[in-house]
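Subject: Structure handover

Hi,

Here is the structure I promised to pass on to you. Please open it alongside this email, and then read on for what turned up in it.

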Amino acid sequence: MNIVLFGAPGAGKGTQSANLVRELKMVQISTGDLFRKAISEGTSLGKNAQSYMDKGMLVPDSVVIDMVDEELRKLSGKADLIFDGFPRTTAQAVSLENMLTQHSLKIEKAIFLEVDTQVLLGRLTGRRVCKSCGEVYHVLTKAPKQEGVCDKCGGELWQRPDDKEDVIATRLKAYEDNTSPLKAYFLQKNMLVTVDGGGSSEEVFNRLKEHLT
Ligand code: AMP
């Protein structure tokens, strides 16, 4: 089953995608991760995307859509795709449908992770990420054994530049203005599934799995 996983920043899209990849062997396409990879590689795509990401703004539709199109070509033949953080606008949703049609694929469910704004803020401001392996921590709810050091690989933990408080406000507004309308879009297409994204990663994953197995 191919799904879209969407929700506000901090809703747990990345965490739940990782759970789905690990336990259900699904294949994740995260536009945020693809941009961060391009930034770390210093490509022109990365430089362009970073100018928007650092401010908390959405990267322009045409840039994101071209990148996903290329990724879909690379993944040709793979099943059980998770679109994590894409689409984030109605134009992207329409393009995704068209691109998938070209590969004889379709989205079966668009899963909205619903999380209270105060919880989102707590998750985002406390998030720390391993620079080497990408493992995600939280200063209060999932602290590493040694401060600043990844339990898994010993890499350095850092705060994503867009998880700083001033940038978070812009990201939440971009979500409200552009991504929140996708609930109505997917509802009208009979694809919307709303999952309570509050609580621990395991609790959310158990709720999520009910819709996938
Ligand atoms: P994420 O890792 O999903 O939180 O994405 C981090 C940032 O990457 C976002 O705040 C945007 O600046 C950019 N980004 C990721 N996915 C998209 C998308 N589908 N459309 C526009 N911008 C995106």
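This is a predicted model: local features need pLDDT of at least 70, side-chain atom pairs count only at pLDDT 80 or more; totals for chains, interfaces and linings use all residues.

Let me begin with the ligand. It is surrounded by 16 residues, and the closest include T31, R36, M57, G85 and Q92. Sorted by class, that shell holds 7 nonpolar, 4 polar and 5 charged residues. Which helix gives the most to the shell around the ligand? That is α2, spanning residues 31–41, with 4 residues.

From the backbone of V59, an N or O atom sits 3.0 Å from a ligand nitrogen. G85 also takes part through its backbone, with a polar atom 2.9 Å from a nitrogen of the ligand. R88 uses its side chain instead, where a polar atom is 2.9 Å from a ligand nitrogen. As for cover, the ligand on its own would expose 480 Å², and the protein buries 96% of that.

Next, the helices. I have two pairs for you:

- α4 (residues 61–74) packs with α5 (residues 90–102) at an angle of about 25 degrees, and their axes are 10 Å apart. Angles under 35 degrees count as roughly parallel, so α4 is roughly parallel to α5. Their crossing is right-handed.
- α6 (residues 117–126) and α7 (residues 165–179) have axes that come within 11 Å and cross at roughly 135 degrees. The two helices are therefore oblique to each other. The crossing of α6 and α7 is right-handed.

Finally, the backbone has two spots to check before you set anything up. Where is the cis peptide bond? It runs from F86 to P87, with omega near 5 degrees. P87 belongs to the loop that links β3 (81–84) and α5. The other spot is D80, whose phi is positive, at about 55 degrees, although this residue is not a glycine. D80 is found in the loop between α4 and β3.

That is everything from my side for now.

Best wishes

How values were computed:
Residues are numbered from 1 along each chain as its sequence is written. Side-chain values use heavy atoms; hydrogens and water are left out. A residue is near a molecule or strand if one of its heavy atoms lies within 4 Å of it. A polar contact is a pair of N or O atoms within 3.5 Å; within protein, one must be able to donate a hydrogen and the other to accept it, and residues adjacent in sequence count only if both atoms are side-chain atoms. Accessible areas come from the Shrake-Rupley method with a 1.4 Å probe; for residues, only the protein chains shown count as cover. Ala, Val, Leu, Ile, Met, Phe, Trp, Tyr, Cys and Pro count as nonpolar, Asp, Glu, Lys and Arg as charged, and the others, Gly among them, as polar. Axes are lines fitted to C-alpha atoms, for helices over the stretch in contact, and angles run from 0 to 180 degrees between N-to-C directions. Angles under 35 degrees count as roughly parallel, over 145 as roughly antiparallel, 65 to 115 as roughly perpendicular and the rest as oblique. A crossing is left-handed if the near helix is turned anticlockwise from the far one by less than a right angle, and right-handed if clockwise.
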